[in-house]
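These are my notes from going through one model, taken topic by topic. I began with open space and then turned to helix packing and backbone geometry.

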Amino acid sequence: MRRLERCGLTALTTLKELPTKTSWLLRLGGLGCLRTHQCLPGTMSLREHALSLFRSAVGTVRPAPMLKRALKLQGEECPQLLVNSRAFPLKRDLYLVGFGKAVLGMAAAAEEILGDHLVRGIVSVPLGIQESLQRAGMQEMLLKPHSRIQVFEGARNNLPDSEALKGANAIRELAEGLTADDLLLVLISGGGSALLPAPIPPILLEEKEQLTKMLASRGAAIQELNTVRKMLSLLKGGGLARLAYPAQVVSLILSDVIGDPLDIIASGPTAASSHSVQDCLQILTKYNLLHSLPRSVQTVLSSSATKPTASEHYSHVCNVIIGSNTLALAEAKRQAEGLGYATLILSAAVCGDVGCVAELYCQLIRLLCLHTAGPAEGPQGTEVRGNLLQLAAELDIPGLNMAEFLQALQGLEPQKPLCILAGGETTVQLQGTGKGGRNQELALRVGLGLHRARGVEASSLGRCDVIFLSGGTDGQDGPTEAAGAFCSPELVAEALQEGLDAETFLSNNDSYAFFSHFQRGRHLLVTGLTGTNVMDVQVILIRATDR
C-alpha cells in the first residue's frame, strides 16, 4: 500500500483493496486526496495518477450528470420536454423504455426530472446490477421505492438470455400500444443489443446467441456483430421506432461505438438502418459462417428486404447522443494537464486486432521514452517513427493522422512528464480456452512488447518510469471481475521470477489468470459495474527517472 501523506490521508493503490463503502467514492470523486487538481505530480505514483485519470474519464459520463445536461421539463399548463433545447409538447402520456449497462442510472435521473408526467417505464439492465450498485452505495443510480419504472435484469456475461427476452417482449408490447398523442422517451447505452433480444420468428434465441458467439470468437468487430443482429431482430435496426409509430419517439443515447453511428449503437433500435441483407451476408461470408447457419436464420435472411428502410419512415424520431468516449477523454485530458502532464489524445477510435494495437502502443511508448530521455531524432527515433506510421496505416484507425500526432509530440516540452490518452475498442481472436478480456489482453501484450524492447533499448526505456492502463468504462472486461489491467516494462520480468510466463498465458487467451496470480492480482483494475459505458480508455504515463 502506498501512502499519500501530503494529501492528508492514506489511499490504497488498487480499487480491489478498497472497502465497499469507500471504493466508489474514490473512483468517482468523493475522496479529496484523489481530486486531481489538489495534488502535485510528485505526491502520487504514475499508477495512482493513471487510476485517477481513468476515474475522471468514467465520472464525466455518469448517467445523472449526462441526463441533467440534456433533459429538462418546463411549463405547467402546456408542459414540454426539452432535449438539448429542442421542445417536445406533452400532449397526453409520457412513457419510458431503456436498455443497456448504463440505463438504470439514466432512468433514475430521468424519473426525477419527469416526475408525475411519467406514466410508466420499462428498462432492461445487466443481471445483478441493482445489487452491485446497492452494495457500492451508489444510491443515485437506483430507482426510488414505488418507482413507475419496471426493471428486468438479464444478459449474463453480456449475452442475450431468456430473462433479457422477457424484458424485450415487455418493451415491445408497450411500444405497440402507443398513440399519436403519446411520447416515448428511449434510453440507450452500450450492452443494449444483448438486453433487447427479440429474434424474428422462427429464429430461436439460442440460435441467435450461438451465431453471435461464433462471430465474436472469430474476431468480428462490434459494428459487424450489430449489423448481423439487426437483420435477425424485431426491435433492432429501427424496429422499436417502427412499432412505436405514430407516437413521438425521443432517444437519449450513450455511445459505446466508434464514431457514434446511430444505427450501430445497441443495434440501432430507433434509427434507420444503413445496412441491407447483402451487408449481413458479406459479414457471414467473411467469417466462413454462411454455409453453417441454422435453417431458421436462412429463412429470415432469404425473406428480408434487399434495401434499408427509407429515413423518411423515421420522421417521428429524434435521436440525441448525450455521452461518448470523446467526452470522457476530454475530461481526462483536462485532469492530466492539471496534474502537470504534457497531454495528447491519440484517438477516441482505436480499433483493430489487439496484437496490432499493442504493437502500436509499444512503439509509441518507445518514442515517448526517447523524447523524455533526450532528443528523439537519432537512428532509434527514425526507426520507431517509421514503425508507427506503418502500423497506423495498417490499422486504419478512423480519424487518426499519425504524422500530425507525431508533429504535435515534437512540440511538447521534453522535461515534462507525458500523458497520452486514447479510447476505442479492440478485437480479440480467440485461440485458447482461457479467461480474459480485451483490456487485460491488451495490457499484457503491451507489457510483453515493452519487455522485449527493454532488452534491446535499456538506454531509453530504462531511464523512464512508464505505466500503461487499459480499462473498460463499464467496469467489466469480458467474463471477469476486472475492468482491465496495468502494465509496465518490468512486469514480464517480475512475473518470470514468480514462474509466470506471459507468452504461455497469451497463447491461451488467459490474461485474467496471469494478472490474478501475478503479485496477487495487484495489476488488475477492479472497479465493479460503473453504471456507464463508453467503450475503453487507455492511459500512458511517462516521466524521466534518475536511475
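**Entry 1, the largest pocket.** I looked up the largest pocket and found that about 1,300 Å³ of space lies in it. I kept in mind throughout that this is a predicted model. The lining of the pocket counts 48 residues, and I noted that Asn158, Ala216, Leu225, Arg438 and Gly478 are the closest to its centre.

I then asked myself which helices and strands each supply at least two residues of the lining of the largest pocket. They are the helices α7 (192–195), α8 (205–217), α9 (222–231) and α17 (438–456), together with the strands β10 (342–353) and β11 (418–427). With five residues, α9 gives the most to this lining. Sorting the lining by class, I recorded 23 polar, 15 nonpolar and 10 charged residues.

Next I turned to helix α14 (residues 354–373), which packs with helix α16 (residues 402–410) at an angle of about 25°, their axes lying 11 Å apart. Angles under 35 degrees count as roughly parallel, and therefore α14 is roughly parallel to α16. The crossing of these two helices is right-handed.

On the α14 side I listed Leu360, Leu364, Leu367, Leu368 and His371 as making the contact, and on the α16 side Met402, Phe405, Leu406, Leu409 and Gln410.

I stayed with α14 and looked up its packing with α17, where the axes come within 8 Å and cross at roughly 45°. That angle makes α14 oblique to α17, and I noted that α14 passes α17 in a right-handed crossing.

From α14 the contact takes Val354, Gly355, Val357, Ala358, Tyr361, Cys362, Ile365 and Arg366, while from α17 it takes Arg438, Glu441, Leu442, Arg445, Val446, Gly449, Leu450 and Ala453. The class count that I wrote down for this contact is 10 nonpolar, two polar and four charged residues.

Finally I checked the backbone, asking where cis peptide bonds are found. One joins Pro201 and Pro202, with omega of about 10°, and I placed Pro202 in the loop between α7 and α8. Another cis bond runs from Tyr245 to Pro246, with omega near 15°, and Pro246 has its place in the loop between α10 (239–244) and β8 (248–254).

I also noted Asp260, which has a positive phi of about 55° although it is not a glycine. Asp260 is found in the loop between β8 and α11 (277–286).

Notes
Residues are numbered from 1 along each chain as its sequence is written. This is a predicted model: local features need pLDDT of at least 70, side-chain atom pairs count only at pLDDT 80 or more; totals for chains, interfaces and linings use all residues. Side-chain values use heavy atoms; hydrogens and water are left out. On a 1 Å grid over the protein atoms alone, a cavity is a set of points where a 1.4 Å probe fits but cannot get out, and a pocket is an open set with protein on both sides within 12 Å along at least five of seven lines; lining residues have an atom within 4 Å of a point. Grid points are joined across faces, edges and corners, and a volume is the space filled by probe spheres set on the points. Helices (H or I, at least four residues) and strands (E, at least two) are DSSP runs, numbered from the N terminus. Ala, Val, Leu, Ile, Met, Phe, Trp, Tyr, Cys and Pro count as nonpolar, Asp, Glu, Lys and Arg as charged, and the others, Gly among them, as polar. Axes are lines fitted to C-alpha atoms, for helices over the stretch in contact, and angles run from 0 to 180 degrees between N-to-C directions. Angles under 35 degrees count as roughly parallel, over 145 as roughly antiparallel, 65 to 115 as roughly perpendicular and the rest as oblique. A crossing is left-handed if the near helix is turned anticlockwise from the far one by less than a right angle, and right-handed if clockwise. Contact means heavy atoms within 4.5 Å.
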